[in-house]
Amino acid sequence: MFQTRTALVTRLQALESGLEARIEQNPHTADPWPEFDDEASAIRRDAAAGDREYVQQRISCILARQGLIPADDAHRRAPCLPHTDTHPGAQP
């Protein structure tokens, strides 16, 4: 069963917070990828067809904000800034 956009947003926020915490606690040795990838994959699986592009974009923005993928072109950066959500009832 697919999750609502609001539930997906909550999980994406937790995903980002968890990544930030792991990097902050171990800036030189953190390997956030296995846990991050597992949770990101689960969120993608739980997204309905209409939410999949949104979820993927949010995951890309999370990685770009942490400097883990390039965010130097308009295609990647524009959807990430400002950090908002246009879905009614959802929180960024």
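## Helix α3 and its packing

The buried residues of α3 pack against α1 and α2. Buried here means under 20% relative accessible area, exposed over 50%, and partly exposed in between, with a 1.4 Å probe and protein chains only. The buried set in α3 consists of Tyr54, Val55, Arg58, Ile59, Cys61, Ile62, Leu63 and Ala64. Gly67 follows α3 and has a positive phi, near 75 degrees.

The 14 residues of α3 should span 20 Å at 1.5 Å a residue, and the end C-alpha atoms are 20 Å apart, so the two agree. The expected span is 1.5 Å times one less than the number of residues in the helix.

## Model and confidence

This is a predicted model, in which local features need pLDDT of at least 70, side-chain atom pairs count only at pLDDT 80 or more, and totals for chains, interfaces and linings use all residues. Residues are numbered from 1 along each chain as its sequence is written, and side-chain values use heavy atoms, with hydrogens and water left out.

pLDDT is the predictor's confidence in each residue, from 0 to 100. The protein's mean pLDDT is 79, with 73% of its residues at 70 or more. Residues 83-92 stay under 50. Where pLDDT is low, the predicted coordinates should not be read in detail.

## Overall fold

The protein has four helices and zero strands. Helices (H or I, at least four residues) and strands (E, at least two) are DSSP runs, numbered from the N terminus. Of the 92 residues, 28% are buried.

Contact means heavy atoms within 4.5 Å. Among contacts with a separation of 6 or more, 64% join residues 24 or more positions apart.

## The nonpolar core

A nonpolar core is a set of buried Ala, Val, Leu, Ile, Met, Phe, Trp, Tyr and Cys residues joined through side-chain atoms within 4.5 Å. The largest one has 14 residues; Leu12, Leu15, Phe36, Ile43, Val55 and Ile59 touch the most other members. Helices α1 (5-25), α2 (33-46) and α3 (52-65) each give two or more residues to this core.

Beyond four places in sequence, Phe36 touches Leu15, Leu19, Arg22, Ile59, Ile62 and Leu63.

Glu39 lies in helix α2. Glu39 counts as partly exposed because its relative accessibility is 30%. Glu39 and Leu15 are 24 residues apart in sequence, yet 7.1 Å apart in space, C-alpha to C-alpha.

Arg5 lies over the face of Tyr54, 3.9 Å from the ring centre. The rule asks for NZ of Lys or CZ of Arg within 6 Å of the ring centre and within 35 degrees of the ring normal.
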